[in-house]
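Thanks for coming, everyone. Please look at the model on the screen while I talk. I'll go residue by residue first, then move to sheets and helices.

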Amino acid sequence: MANTDNLTGVRNSGLAIADPLIGGTAPNTTQILEVTGQGEVSVATTLTDVELGIKVQGKTATEVQEQVAQRSTAVVDVLRNLGAQELQTTSIQLNPVYSFENGTQTLTGFEGLNTLQFELPTVQSGAAIDKAIQAGANVIQNISFTASDEVLQQARLQVLSEAVKDAKAQAQAVFSTLQLTPGQIIDIDINSDDNPRPSPLVSNLTADRVSATASTTTIIGSPQTIEASVSLDIGYSPNSAGTLASATDNLIGVRNPGIAIADPLIGSTAQILEVTGKGEVSVATTLTEVQLGIKVEGKTATEVQEQVAQRSTAVVDVLQKLGAQELQTTSIQLNPVYSFENGTQTLTGFEGLNTLQFELPTVQSGAAIDKAIQAGANVIQNISFTASDEVLQQARLQVLSEAVKDAKAQAQAVFSTLQLTPGQIIDIDINSDDNPRPSPLVSNLTADRVSTTPIIGGSQTIKASVSLDIGYSPISAVILDLPLNGLQQFA
């Protein structure tokens, strides 16, 4: 298949775009393969965007507003001294607070909230948050990560190239299986990703103060994924002699072709068989993705924050030494804990939770979890398995070939039973699977220590379907002998 080899990088162009002045490289045919390639590139993030607030409650609006203003000024000064970029006020709120008892609403005070947003290099963001809290901030509303504009632009161009390569590889798999010769690229559609920021951390810090002696909060930025797709409409024609004899003979065990493709120059027919073939391939997973946390309860916010920071730092050190990949902070939380008795809410303490995510070969993941727990982790939130990118890509091409073979076998069964002669493959549609991760394990470990537990990864299933529109005509001057369901009695 020298012509289809050109789709995967051989020198002669199999997907050549014809010069309109000198004529096309493919036969004059309207048969088209529609194929969409996907590209995905992950880039390291270096910037952290933080939105934090100053929340105050008091008896009068004046009292609340004065405290909010004073603490906001102190926080702004700290952030400016740290070189925070894009520093801006995003919200100013002052609202009355009511109590409800026996159907009566009573004004009990006021609550004010000023919100600030800023951006800093990720390596500085943990210390900046701590210092902002020391200055008076007591709510963290949002944390997200991003790469620089230059890195994102480079990734956008790279991901388009990856998408084109993927489309060419899929087309090669289909054309090769169907023994078709690719022709012109008739149409190209680019669907670039808008480069969204990664999902923000879920954070809600409501402590009034964190002491200056508290450990620095460890924050590791998550990678940013850039995605794009490129759709190609590729003309095609039969490879030789207008038949697929060798391919269909293997499917049904006979010599005569099962799906012959008529020469578009000597006639065609309007009758069409629509058939969809399905392919499914299971591959062994070799990588494990783990999401674990450090959860601490205590009487004061300062105590909890210090313990979470210390234990998080220890866990990160252990995971880095073990060579954990994709290590990132996925959640920072510090929340008040209340008791409710006789309609009264009482603050009893605070609960902090920092969550980390990492990836390791499955054979190493069990020991890594054990060592992370020994270092201070005490919650396992999620475990899932996946195959490597290379194995998944190979499986995607294999599953397309399986789907084409399934469609051909179905078509052969129908044409043979109805005594019809298959003709042109008029249209081909590819519906590739998005390669979802397997369902995660259900885990919720809250003990301080656990013994070594073996972890065995499952398989990952890749699916795809290919739809063919195939023209057909009768084999000879023979009509189908079908029953008339009793209508002959009226003849």
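Gln-70 is exposed, because its relative accessible area is 58% and the cut-off for exposed is over 50%. Keep in mind that this is a predicted model. Gln-70 sits in helix H2, which covers residues 61–81. Now look back along the chain to Ile-54. Gln-70 and Ile-54 are 16 residues apart along the chain, and their C-alpha atoms are separated by 9.9 Å.

Next, a sheet. Four strands make an open sheet, in the order E3-E4-E2-E5, with antiparallel pairing. Which strands are at the edges? They are E3, residues 85–101, and E5, residues 139–146, and each of these pairs on one side only. Neighbouring strands in this sheet are turned by 15° against each other on average, direction ignored. As a reminder, strands of a sheet pair through backbone hydrogen bonds, either parallel or antiparallel.

Stay with E3. It pairs with strand E4, residues 104–121, in the antiparallel sense over 14 bridges.

On to another pair of strands. Strand E9, residues 287–298, is mostly covered, with nine of its twelve residues buried. E9 pairs with E12 in the antiparallel sense, over seven bridges. Within that pairing, Gln-291 has Asn-382 in E12 as its bridge partner.

E12 spans residues 379–386, and Thr-386 is part of it. Is Thr-386 buried or exposed? Its relative accessible area is 8%, and the cut-off for buried is under 20%, so Thr-386 is buried. The side chain of Thr-386 also makes a polar contact of 3.2 Å with the side chain of Gln-460.

Now helix H8, residues 389–418. How far should its 30 residues reach? At 1.5 Å a residue they should span 44 Å, and the end C-alpha atoms are 44 Å apart, so the two agree. After H8 comes Gln-419, with a positive phi near 55°.

H8 has a partner in helix H4, residues 149–178. Their axes come within 9 Å and cross at roughly 35°. The crossing of H4 past H8 is right-handed. On the H4 side, the contact includes Asp-166, Ala-169, Gln-170 and Ala-173. On the H8 side, it includes Gln-393, Arg-396, Leu-397 and Leu-400.

Helix H7, residues 362–375, passes the length check too. Its 14 residues should span 20 Å at 1.5 Å a residue, and its end C-alpha atoms are 20 Å apart, so that agrees. Among the buried residues of H7 are Thr-362, Gly-366, Ile-369 and Ile-373. Gly-376 follows H7, and its phi is positive, near 140°.

One last residue. Ala-301 is in helix H6, residues 301–321. Ala-301 counts as buried, because its relative accessibility is 7%. What about Ala-301 and Glu-351, which are 50 residues apart in sequence? Their C-alpha atoms are 7.9 Å apart in space.

Technical notes. Residues numbered from 1 in each chain as written. Predicted model: local features only at pLDDT ≥ 70, side-chain atom pairs only at ≥ 80, totals over all residues. Heavy atoms only, no water. Helix = DSSP H or I, 4+ residues; strand = E, 2+ residues; numbered from the N terminus. Buried < 20%, exposed > 50% of the residue type's maximum accessible area, 1.4 Å probe, protein only. Polar contact = N/O pair within 3.5 Å; in protein donor to acceptor, adjacent residues only side chain to side chain. Pairing = 2+ DSSP bridges. Axes fitted to C-alpha atoms, helices over the stretch in contact; angles between N-to-C directions. Expected span 1.5 Å × (residues − 1). Left-handed = near helix turned anticlockwise from the far one by under 90°. Contact = heavy atoms within 4.5 Å.
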